[in-house]
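This report covers a helix, the nonpolar cores and a loop residue. Look at the structure first.

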Amino acid sequence: MFFLRSCYFHCSPRLALDLRLVSPLARSLSSAVKPYSSSSSLRRPFSLSSSSRPPPGRKMSSKPSAFDALMSKARAVAAEKKKKKRKSPDPAPVENPSDGSKSDSAAVEAKVDGSEAVTGGSRPIEVKGSNPEKRPEQKKAKKADSSTERVKELKGKIHLLKKKPADFSPKAVACWGEGERVPFVFLCLAFDLISNETGRIVITDIVCNVLRTVMTTTPDDLVAVVYLLANRIAPAHEGLELGIGEALIIKALAGACGRTEAQIRNQNKELGDLGLVAKASRSSQSTMRKPDALTIVKVFDTFRLIAKESGQSSQEKKKNHIKALLVAATDCEPLYLIRLLQTKLRIGLAEQTLLAALGQAAVYAEKHSKPSTDVQSPLEEAPKIVKQVYSILPVYDKIVPALLTDGVWKLPKSCTFTLGIPVGPMLAKPTKGVSEILSKFQDMVYTCEYKYDGERAQIHYKEDGSVEIYSRNAEHNTGKFPDVVATVSRLKKEDVKSFVLDCELVAYDREKKKILPFQILSTRARKNVVLSEIKVDVCIYAFDMLYLNGKPLIQEQLKHRREHLYDSLKEEPGFLQFATAITSNDIEEIQTFLDAAVNASCEGLIIKTLDRDATYEPSKRSNNWLKLKKDYMDR
DNA sequence: AAAGAAGCTTC
DNA sequence: CTCGGAG
DNA sequence: CTCCGAGGAAGCTTCTTT
């Protein structure tokens with residue numbers, strides 16, 4: 001069945017038509033194996049496997065041609081658009097630390113020295129006796145030498161991070177001076193420690209201790225540390241991307257350690273991880289001094305530089321940035337450098353754990369207010385607060401400083417919802433059938449809405465009349481939907497000054513008054529779209545209001561939010577409509593409604609609590625919203 | 001100028 | 001988007 | 001239950017190569 005499917009996909013829409021003739025066969029095949037599940041995430045204009053799509057063969061003849069027309073139109077436009085302006089060329093790339101290299105420091109033995117572990121290591125390291133003669137070289141030699149010393153020292157102490165935070169002294173591991181830039185190795189060694197753990201609690205503890213260490217030595221570095229721990233370079237809504245992939249990393253790696261790309265690729269196959277390849281690669285270049293040891297801030301800044309390169313030979317420049325980092329890297333640094341660049345840390349540490357650790361760390365660092373009021377268990381509460389706050393204001397640049405100056409307990413006050421910064425969209429839990437809905441929502445009042453097959457959007461309308469659109473992942477989408485911007489401005493009611501709308505943007509044929517498949521929506525251009533060139537129209541299906549006239553509505557029950565929604569916008573078919581909804585607890589009625597949704601080209605239903613446990617829960621896959629998709633129902 | 005490779009986003 | 005595993 | 005990490009199809013955009 002896989003063959004059938006992929007075959008279908010690689011065909012032109014025209015050919016797809018013909019293939020549809022066999023769809024009954026395809027269907028029986030797929031259901032014989034495993035009903036729909038393996039295809040549930042696939043998109044297709046006309047489904048082979050989904051029983052609830054319009055019956056194959058029936059009345060299909062009109063639709064496909066419309067589809068064809070649209071697709072080819074869309075393609076024609078796309079083709080036209082290629083005459084885009086390019087950035088003016090930058091001066092040719094220069095630099096290349098090609099012969100920076102390794103003094104073979106990397107193989108240092110991790111001779112653990114338990115006794116020394118607890119002593120304060122936080123003085124700027126000074127040189128020890130056994131040392132250089134050369135005058136001019138001396139300074140650098142000292143540096144290099146002291147940094148290998150540092151690595152040794154850190155290796156001996158790093159395990160202390162595993163202590164329960166209560167028994168951990170924030171200065172125990174630091175081997176750098178107060179206010180001194182935190183060395184990148186410190187982070188990498190912590191990563192190593194974490195990668196050997198599987199339990200979330202232990203990992204959280206380690207991260208917590210890392211954060212506290214930085215907080216007490218070099219709080220200025222905390223933002224950078226947090227970003228690297230989160231494996232991000234900027235808040236999502238700023239849209240800063242590394243633009244680094246496997247191919248470029250291989251090139252950089254090859255350049256940095258004097259091997260061929262083919263060698264790298266082969267070893268990558270063996271080891272299954274470019275990071276490991278980096279770790280295993282010793283530079284075969286000339287043996288000169290190593291550049292200065294990497295600091296966390298240096299690495300973070302370089303990442304951002306990489307992200308900002310663009311235009312002609314930007315790839316070359318990016319590659320050189322990476323090479324420079326690699327050349328300066330020692331020990332386990334290359335491994336994590338590469339993984340960070342790939343955005344695949346895969347050590348069992350990700351956002352949620354980091355946020356929890358941040359909360360915990362703040363509790364220990366708290367000299368500010370005590371749990372102000374009557375917080376029972378600060379160590380449980382603080383992570384919740386940080387997570388909550390982050391879901392509403394996902395910007396470390398704001399949260400971390402606020403945490404440092406005012407502490408956790410004031411965080412909800414100092415970091416609040418801000419127009420122009422998207423909150424994490426609330427998500428729905430998958431369910432398998434109407435009966436499951438009924439049992440989960442027992443005695444609740446709930447409402448059912450069509451689940452439209454489009455793109456999630458969060459639309460911010462500001463007091464000054466400007467509009468910003470964000471995607472499900474907080475990408476800045478305003479430039480992609482100038483038509484939506486216009487629609488929203490036009491259909492907002494007079495007295496409405498500002499709002500945040502949660503909705504689905506769906507491709508729509510205004511002539512036939514029909515919803516079009518997702519695949520057509522996805523053919524729209526994505527950047528700097530000009531209103532007059534739009535070929536695929538979009539209808540806004542609005543279903544929630546998160547903010548209105550200066551007031552957040554997130555804490556309100558859906559019932560109220562929805563009233564605000566209905567009161568603030570005017571509907572206009574094909575442009576802006578409220579999600580079709582019924583409020584019922586009758587199984588038959590819901591089943592019928594579901595069928596209607598599917599008939600109306602929707603994916604299924606979203607069922608939501610209405611007036612109890614019905615607040616908006618940003619970025620949560622909440623139990624208050626359940627989704628019922630035709631694709632994964634067992635019937 | 002056009003084609004191809006790589007990267008990123010959506011679901 | 002879906003899925004499965006670990007805790 | 002929560003969180004992490006693995007996986008996938010299809011589409012557009014950017015940069016390099018031809």
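The text below takes these topics in turn.

The model is predicted. Start with helix 9, residues 246–257. Its 12 residues should span 16 Å at 1.5 Å a residue, and the end C-alpha atoms are 16 Å apart, so the two values agree. Buried positions in helix 9 are Leu248, Ile249, Ile250, Ala252, Leu253, Ala254, Ala256 and Cys257. Their cover includes the helices tabulated here.

| Helix covering helix 9 | Residues |
|---|---|
| Helix 10 | 261–271 |
| Helix 11 | 274–280 |
| Helix 13 | 314–328 |
| Helix 14 | 333–342 |

Just past helix 9, Gly258 adopts a positive phi of about 60°.

Next, the cores. In soluble globular proteins, nonpolar side chains tend to be buried together. The largest nonpolar core here holds 102 residues. Leu161, Phe184, Phe186, Leu211, Phe303 and Tyr396 touch the most other members. Helix 6 (residues 184–195) is the top contributor to this core, giving 10 residues. Another core, of 38 residues, lies apart from it; Val423, Ile554, Phe593 and Leu605 are among its members.

Which residues does Phe303 touch, leaving out those up to four places away in sequence? They are Leu228, Ile233, Leu242, Leu325, Leu337, Leu340 and Leu341.

Finally, Thr478. Thr478 sits in the loop between strand 4 (467–471) and helix 20 (482–491). Is Thr478 buried or exposed? Thr478 counts as buried, because its relative accessibility is 16% and the cut-off is under 20%. The Thr478 side chain makes a polar contact with the side chain of Glu468, at 3.0 Å. Not counting residues up to four places away in sequence, Thr478 touches Val467, Glu468, Ile469 and Val485.

Methods
Residues are numbered from 1 along each chain as its sequence is written. Chains are lettered from A and ligands numbered from 1 in the order in which they are written. This is a predicted model: local features need pLDDT of at least 70, side-chain atom pairs count only at pLDDT 80 or more; totals for chains, interfaces and linings use all residues. Side-chain values use heavy atoms; hydrogens and water are left out. Helices (H or I, at least four residues) and strands (E, at least two) are DSSP runs, numbered from the N terminus. The expected span of a helix is 1.5 Å times one less than its number of residues. Buried means under 20% relative accessible area, exposed over 50%, partly exposed in between (1.4 Å probe, protein chains only). Contact means heavy atoms within 4.5 Å. A nonpolar core is a set of buried Ala, Val, Leu, Ile, Met, Phe, Trp, Tyr and Cys residues joined through side-chain atoms within 4.5 Å. A polar contact is a pair of N or O atoms within 3.5 Å; within protein, one must be able to donate a hydrogen and the other to accept it, and residues adjacent in sequence count only if both atoms are side-chain atoms.
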